[in-house]
Amino acid sequence: MALLKFASNGLLGKEFAGISVASPELGIRNARVSVCGRRRNGLQGVRAQAVAAPVVKTSQYTGKERVDILAEALPFIQRFQGKTVVVKYGGAAMKDESLKDGVIKDLVLLSCVGMKCVLVHGGGPEINQWLGKLGIEPHFKNGLRVTDAATMEVVEMVLVGKVNKSLVSLINRAGGCAVGMCGKDGKLITARAAGNGLGFVGDITAIDTSVVRGILNNGHLPVIASVAADTDGQAYNINADTAAGEIAASLGAEKLILMTDVQGLMLDHKDSSTLVREVDIKGVRKLIEDGIVSGGMIPKVECCVRALAQGVHATHIIDGRAPHSLLLEILTDEGAGTMISG
């Protein structure tokens, strides 16, 4: 089946060949779904499918073929027009300039066809770079940054003052209209100390998305840095996945999409053919119990489950290293990663 891929110079077709993997003990089963009903409605447990390499090049596309691809995207555009999509942006897609350019253009395209996009970002690598310049050694505990007062000052400077404004400029240059902010603005995120010796790492205590709703209703694209404050004004570093999930829940988003440096959830992380295309909450809990989902992927999965429990319609973990994975996930039947559904 022809799928969509949008490149910087136009629309491309992309074709995936897949094989279904059945596993009764994990509740995996084969299933086919119609366009605009991808991986939804009644699918239980887990489904896995392999992804083949793209088989076409930009130069092979005629004007008519590009129009045909747009026509194929129409049902998806109609389904999600006016719906809110919250994207957590980070990892390789944030470091590689060509991938960054693709993500920015994808967001602008989705906004242009009527979706209300919200971009939430961290900036770990850039924070580390600036800490190094200032002679401050980064420390981590259980995968979370230990943030003392000096580090917090750098985190806020880099995320809010540099990364956030750079993303805003890139979106505006690509034809969008972005508004940069952080959790402090409009009391979007209220936090408290997470404890456990992490310093100024915060847990979210309250969300107020009234300012974000106003930005979206005016046709703009909010770009949110994951820095917040407590009721006394003390700044805290917030996990960007968590921030995105809570914002998506408050907005009643159609989708929460976490961009990562892996393909998605896999039954065998060394074998891409075991990529899980869809899993429900019951199935994903079993994957954690069985040790198939482990390490740094557990907090991401738990973030998705919390968002679903709070009313987000669907959550996705996708590979930000794959060009235009955002469009593939939203505007095609096959998607670009793992969908976790209620």
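Predicted model: local features only at pLDDT ≥ 70, side-chain atom pairs only at ≥ 80, totals over all residues.
1. Helix α8 passes helix α9 in a left-handed crossing; a crossing is left-handed if the near helix is turned anticlockwise from the far one by less than a right angle, and right-handed if clockwise. The contact is formed by Ile 281, Val 284, Arg 285 and Ile 288 of α8 together with Ile 298, Val 301, Val 305 and Leu 308 of α9, where contact means heavy atoms within 4.5 Å. By class, the residues of this contact are 7 nonpolar, no polar and 1 charged. In this classification Ala, Val, Leu, Ile, Met, Phe, Trp, Tyr, Cys and Pro count as nonpolar, Asp, Glu, Lys and Arg as charged, and the others, Gly among them, as polar.

2. Residues are numbered from 1 along each chain as its sequence is written, and side-chain values use heavy atoms, with hydrogens and water left out.

3. The protein chain has 10 helices and 18 strands; helices (H or I, at least four residues) and strands (E, at least two) are DSSP runs, numbered from the N terminus. Of its 342 residues, 49% count as buried, where buried means under 20% relative accessible area, exposed over 50%, and partly exposed in between (1.4 Å probe, protein chains only). Among contacts in the chain with a separation of 6 or more, 73% join residues 24 or more positions apart. The accessible surface of the chain comes to about 14,700 Å², and 51% of that belongs to carbon and sulfur atoms; such areas come from the Shrake-Rupley method with a 1.4 Å probe, and for residues only the protein chains shown count as cover.

4. Two packed helices are described by the angle between their axes and the distance between the axes. For α8 (residues 281–289) and α9 (residues 297–309), the angle is about 160° and the axes are 11 Å apart, which means that α8 is roughly antiparallel to α9. Axes are lines fitted to C-alpha atoms, for helices over the stretch in contact, and angles run from 0 to 180 degrees between N-to-C directions. Angles under 35 degrees count as roughly parallel, over 145 as roughly antiparallel, 65 to 115 as roughly perpendicular and the rest as oblique.

5. Helix α9 also packs with helix α7 (residues 240–251): their axes come within 9 Å and cross at roughly 10°. Helix α7 is therefore roughly parallel to α9. Asp 241, Thr 242, Gly 245 and Glu 246 of α7 meet Lys 300, Cys 303, Arg 306 and Ala 307 of α9. This contact has 2 nonpolar, 2 polar and 4 charged residues. Ala 309 also lies in α9 and counts as exposed, at 66% relative accessibility. Its C-alpha atom is separated by 8.6 Å from that of Ala 249, 60 residues apart along the chain.

6. Helices α3 (residues 97–112) and α5 (residues 149–173) pack at an angle of about 60°, with axes 9 Å apart, and are therefore oblique to each other. Their crossing is right-handed. Lys 100, Ile 104 and Val 108 of α3 make the contact with Leu 167, Leu 170 and Ile 171 of α5. The residues involved divide into 5 nonpolar, no polar and 1 charged.

7. Arg 145, placed in strand β8 (residues 144–145), is buried, with a relative accessible area of 9%. Not counting residues up to four places away in sequence, its contacts include Gly 124, Leu 131, Phe 140, Val 155, Leu 198 and Asn 237. The C-alpha atoms of Arg 145 and Ile 238, 93 residues apart along the chain, are separated by 9.9 Å.

8. His 220 is placed in the loop between α6 (210–217) and β12 (221–225) and counts as partly exposed, at 30% relative accessibility. It touches Cys 177, Val 179 and Ile 215, residues up to four places away in sequence not being counted. The C-alpha atoms of His 220 and Cys 177 are separated by 5.2 Å, although the two are 43 residues apart along the chain.

9. Most residues other than glycine have a negative phi. Asn 196, although not a glycine, has a positive phi of about 60°; this residue is found in the loop between β10 (189–193) and β11 (202–207). His 324, also not a glycine, has a positive phi of about 60° and lies in the loop between β17 (314–319) and α10 (325–331). Are these residues buried or exposed? Asn 196 counts as exposed at 61% relative accessibility, whereas His 324 counts as buried at 11%.
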